[in-house]
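I opened a new model today and kept short notes. Here is what I looked up, entry by entry.

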Amino acid sequence: MATGRVDLDGNPIKPITICMIGAGGFIGSHLCEKLMTETPHKVLAVDVYSDKIKHLLETSGSGSPPWADRIQFHRLNIRNDPRLEGLIKMADLTINLAAICTPADYNTRPLDTIYSNFIDALPVVKYCSENSKRLIHFSTCEVYGKTIGCFLPKDSPLRQDPDYFVLKEDASPCIFGPIEKQRWSYACAKQLIERLIYAESAENGLEFTIVRPFNWIGPRMDFIPGIDGPSEGVPRVLACFSNNLLRREPLKLVDGGQSQRTFVYIKDAIEAVLLMIENPDRANGHIFNVGNPNNEVTVRQLAEMMTQVYSKVSAEPPLDTPTIDISSKEFYGEGYDDSDKRIPDMTIINRQLGWNPKTSLWDLLESTLTYQHRTYAEAVKKAISKPVAS
Ligand code: NAD
Ligand code: UDP
């Protein structure tokens, strides 16, 4: 497994210790899995939850997994735990994934969103800088905000010109709405922590890489309301639509589902993160878009594709009315706003790491919805058939 592995320049890869903060989340769980099954690296996994990585931590009937001595779980809240600095000091590299990163929270819990994405990340940056430790920090494609093109007249031919919508790490501006549109609290906090990390590098020599994920999706993303998360909770779109499909309800299209997104399969994206981990000379000092520019759809098209794929994997016919429109005010409340379009420019990640996404939207939806059906269909059926307590 670990023998003979070399980096992109042909040098042998030395095993390292990684302090992974937010390891129990969606991305963290896939990254831990990859590191345990395909590399010799050690992980100090930090999170308040461990459900999504329990399969990597538990000893089964047949004994300990082969990686048992390479992963340790530390249940702690980085907001107020003095053990954090010690863990960062023990590691060669820190990866910070911890965040509130669900749009339904940005306008309804703006303080928590700003604290989580900026204030709580400050000590992580500080400890890395003071102890000369490398940092891979997870930001977001949302730092780009809206495209320049969306301010052009609807019939302007410039709307078709990629210069007006393709998002480039080193050239595109960050365009957010007014303060009362609290949707942008997340993007703004992420932008400020990016600027702080950049400044720590410029003034104090911090070795950093910043990742801007563009809608990574796949198994274990978020939760299904009322099954493994709060009944009233609103997860990201993959889990919202999965929940609707599992419950045989119409999928809700916010403001008509006209916004566009590019979706990348989590397993493709994790390959990019592994390249960053194992090629520090190529990754340090860079901000990377990680997405799949070929998988662009409107949210309405995503709903139609998911309806079709779910019908295939569940062998249930689609509803007669598979979607309904809903206003953003009704769905998310006051202060919601949206990114109109998100196409990542791939020049920098291609040049530095030679990475390209592979999986089409149809293929990634098929594997993801197969997982959702196998994991949740029975539990949802039971929940629906239970009489409501009076
Ligand atoms: P996630 O919510 O599944 O994972 C985040 C994890 O961080 C959770 O397990 C949570 O418990 C943990 N966490 C939060 N605050 C913590 C604290 N104070 N102490 C300890 N642990 C804490 O989200 P994800 O999709 O895995 O995203 C990971 C990172 O990537 C986030 O920074 C997010 O902003 C960024 N990102 C992800 C996407 C995507 O497509 N999934 C898109 C843009 C940005
Ligand atoms: N959305 C929707 N219906 C839902 C959930 C989300 O129409 O049930 C829309 C949302 O308004 C946004 C897009 O889907 O335009 C993607 O939302 P997501 O929560 O995944 O996060 P975002 O890409 O905005 O960060």
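I count two residues as in contact if their C-beta atoms, placed from the backbone, lie within 7 Å. Helices (H or I, at least four residues) and strands (E, at least two) are DSSP runs, numbered from the N terminus.

This is a predicted model, where local features need pLDDT of at least 70 and side-chain atom pairs count only at pLDDT 80 or more, while totals for chains, interfaces and linings use all residues. Residues are numbered from 1 along each chain as its sequence is written, and chains are lettered from A and ligands numbered from 1 in the order in which they are written.

Entry: α8 and α11.
I looked up which residues of α8 meet α11. They are Val237, Phe241 and Leu245. On the α11 side I found Val299, Leu302, Ala303, Met306, Thr307 and Tyr310. By class, this contact has eight nonpolar residues, one polar and no charged ones. Here Ala, Val, Leu, Ile, Met, Phe, Trp, Tyr, Cys and Pro count as nonpolar, Asp, Glu, Lys and Arg as charged, and the others, Gly among them, as polar.

The axes of α8 and α11 (residues 299–314) come within 11 Å and cross at roughly 45°. That makes α8 oblique to α11. (Under 35 degrees is roughly parallel, over 145 roughly antiparallel, 65 to 115 roughly perpendicular, and the rest oblique.) Axes are lines fitted to C-alpha atoms, for helices over the stretch in contact, with angles from 0 to 180 degrees between N-to-C directions.

Entry: ligand 1.
Around ligand 1 I found 24 residues, with Gly22, Gly25, Ile27, Ala99 and Cys101 nearest. The largest share of that shell, three residues, comes from α1. By class, the shell has 13 nonpolar, eight polar and three charged residues.

Entry: α1 and α9.
I then followed α1 (residues 26–38) to α9 (residues 266–278). They pack at an angle of about 65°, with axes 10 Å apart. His30, Leu31 and Lys34 in α1 meet α9 residues Ile266, Lys267, Ile270, Val273 and Leu274.

Conventions
Near = placed C-beta within 6 Å.
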